Amino acid sequence: YLFTFSVRLMTLNDTIYTSLDSWGDHPVFILSKDRDNRETISAGQFRTRISELTDSLRAAGVGRNVAVPMFLDNSWNMPAAFLAIRELEGIPVLVKKAWRRLELEHVFSRLEPSVILCDREGLSLLGDYLEDRTVLVLNDDGTISTERRGIIRPTEVPEGTVSINYTYRGHGYPLGAMVGSKAYIDAAERYQSYV
């Protein structure tokens, strides 16, 4: 008799969820709007937001190897959207919302994304780059609305790519680094050893 066993490797999401499960209702984010105004987000709230965003992104057509540039403010919605995209085996693309036309031109001409995730402010910033693309807007309440509809298609990336992170490397234009799970986990472990 032959027995086959399917061994599923731990993904980045699995590693994060295992950690979150041990947090219970303790805060995993503390949002400071000003000195006296703070909001805490528990592990349970964070997991719920990831699940809600996953459902919305799936309904919009995001799936395996679909590159999704995220033009979002730095808030707890950004890591939730990142993990939701990964839950669907999509490729979150980290870019800076404040980039000028030169940087945006480079990213869009190289990556040719078929879908974009942004907030309301991003719609006006990305005006010229929205045509023929599916444009998903992450609203303040964590819901996603579809502003434009295009054909969503996967991007060719090496197996094991978790995200594409655009950053400067001294060349005058941003370069996209393809990052795998191990790089994220190693970075988190190194950071944890310091704090």
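Residues are numbered from 1 along each chain as its sequence is written, and side-chain values use heavy atoms, with hydrogens and water left out. Because the model is predicted, local features need pLDDT of at least 70 and side-chain atom pairs count only at pLDDT 80 or more, while totals for chains, interfaces and linings use all residues.

**Nonpolar cores**

A nonpolar core is a set of buried Ala, Val, Leu, Ile, Met, Phe, Trp, Tyr and Cys residues joined through side-chain atoms within 4.5 Å. Buried means under 20% relative accessible area, exposed over 50%, and partly exposed in between (1.4 Å probe, protein chains only). The largest such core holds 30 residues, and F46, L57, L117 and L136 have the most contacts inside it. At least two of its residues come from each of α1 (12-21), α2 (43-60), β3 (67-71), α3 (77-87), β5 (115-118) and β6 (134-138). These elements are DSSP runs numbered from the N terminus: helices are H or I with at least four residues, strands E with at least two. A second, separate core has 20 residues, including L111, Y129, V137 and I164. In soluble globular proteins, nonpolar side chains tend to be buried together.

Contact here means heavy atoms within 4.5 Å. Leaving aside neighbours within four places in sequence, L57 is in contact with V62, A81, A84, I85, L88, L136 and I144.

Helix α2 contains R49 and R47. R49 is buried, with a relative accessible area of 11%, whereas R47 is partly exposed at 29%. Not counting residues up to four places away in sequence, R49 touches W76, N77, A80, D141 and G142. A polar atom of the R49 side chain lies 3.5 Å from the backbone oxygen of D141. With the same exclusion of residues up to four places away in sequence, R47 touches Y17, L20 and D21.

**The β6-β7 hairpin**

G142, one of the residues touched by R49, belongs to the turn of a hairpin formed by β6 and β7, where G142 has a positive phi of about 90°. Five residues lie between the two strands. Strand β7 (residues 144-148) runs antiparallel to β6, and four bridges join them; two strands pair if DSSP finds at least two bridges between them. The core residue L136 has T146 in β7 as its bridge partner.

**Salt bridges**

A salt bridge is a side-chain nitrogen of Lys or Arg within 4 Å of a carboxyl oxygen of Asp or Glu. The whole structure has six, among them the following.

| Pair | N to O distance |
|---|---|
| E52 and R49 | 3.7 Å |
| R64 and E89 | 2.5 Å |
| E147 and R120 | 3.1 Å |

E52 and R49 are three residues apart in helix α2, so about one helical turn separates them. E52 is partly exposed at 39% relative accessible area, while R49 is buried.

R64, in the loop between α2 and β3, and E89, in the loop between α3 and β4 (91-94), are 25 residues apart and link distant parts of the chain. R64 is partly exposed at 45%, as is E89 at 40%. Salt bridges that share partners join R64, E89 and E159 into one network.

E147 lies in strand β7 and R120 in helix α5 (residues 120-125), so this pair ties together parts 27 residues apart in sequence. Both are partly exposed, E147 at 38% and R120 at 44%.

Technical notes: A polar contact is a pair of N or O atoms within 3.5 Å; within protein, one must be able to donate a hydrogen and the other to accept it, and residues adjacent in sequence count only if both atoms are side-chain atoms.
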